[in-house]
Amino acid sequence: MTWVSKVVIASVAVAVIGVGGAVVLGGAFAQSKDTYPPCEQLPSAAEASAALTGHRALADEIEALGTGISVKVGKPCPDGQDRALIEVVYGSESEHDAIGDLLGRRDGFGVPVRLVEH
């Protein structure tokens, strides 16, 4: 094997390892798969609270899906912005999937919902 062949093989190996590492690290540090609208498009905290109060039965149904699940008004925006949404806190992937399944079959709260793993 010539010196040039060895350099080419080594370069290809380094590139493959680099791409593979980027894929693995990209998956490990990826953002949450659950998204919500930008802050300026979220309802006020009062509107989110009213939505939660008006849909308490749905919130109770979600909370009944697991012991680590809670439903509350969340404020994901920087301080000083009166913007909010419904925040569903869960503890496991199975709870996340059950919440997503339930919300997919229901009309929701009328305001955005964000799922947050604790």
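The model is predicted, so local features need pLDDT of at least 70 and side-chain atom pairs count only at pLDDT 80 or more, whereas totals for chains, interfaces and linings use all residues. Residues are numbered from 1 along each chain as its sequence is written, and side-chain values use heavy atoms, with hydrogens and water left out.

Six salt bridges are found in the whole structure (a side-chain nitrogen of Lys or Arg within 4 Å of a carboxyl oxygen of Asp or Glu). One of them pairs Asp 60 with Arg 56, with 3.1 Å between the closest N and O atoms. Because the two residues are four apart in helix α3 (residues 56–63), about one helical turn separates Asp 60 from Arg 56. Helices are DSSP runs of H or I of at least four residues, strands are runs of E of at least two, and both are numbered from the N terminus. Arg 56 is partly exposed at 31%.

Arg 56 also forms a salt bridge with Glu 63 (3.2 Å, N to O), and Glu 63 is partly exposed at 26%. A further salt bridge joins Glu 61 and Arg 106 (2.3 Å, N to O). Glu 61 lies in helix α3 and Arg 106 in the loop between α4 and β3 (113–117), so this pair ties together parts 45 residues apart in sequence. Through shared partners, salt bridges join Arg 56, Asp 60 and Glu 63 into one network.

Note on methods: Buried means under 20% relative accessible area, exposed over 50%, partly exposed in between (1.4 Å probe, protein chains only).
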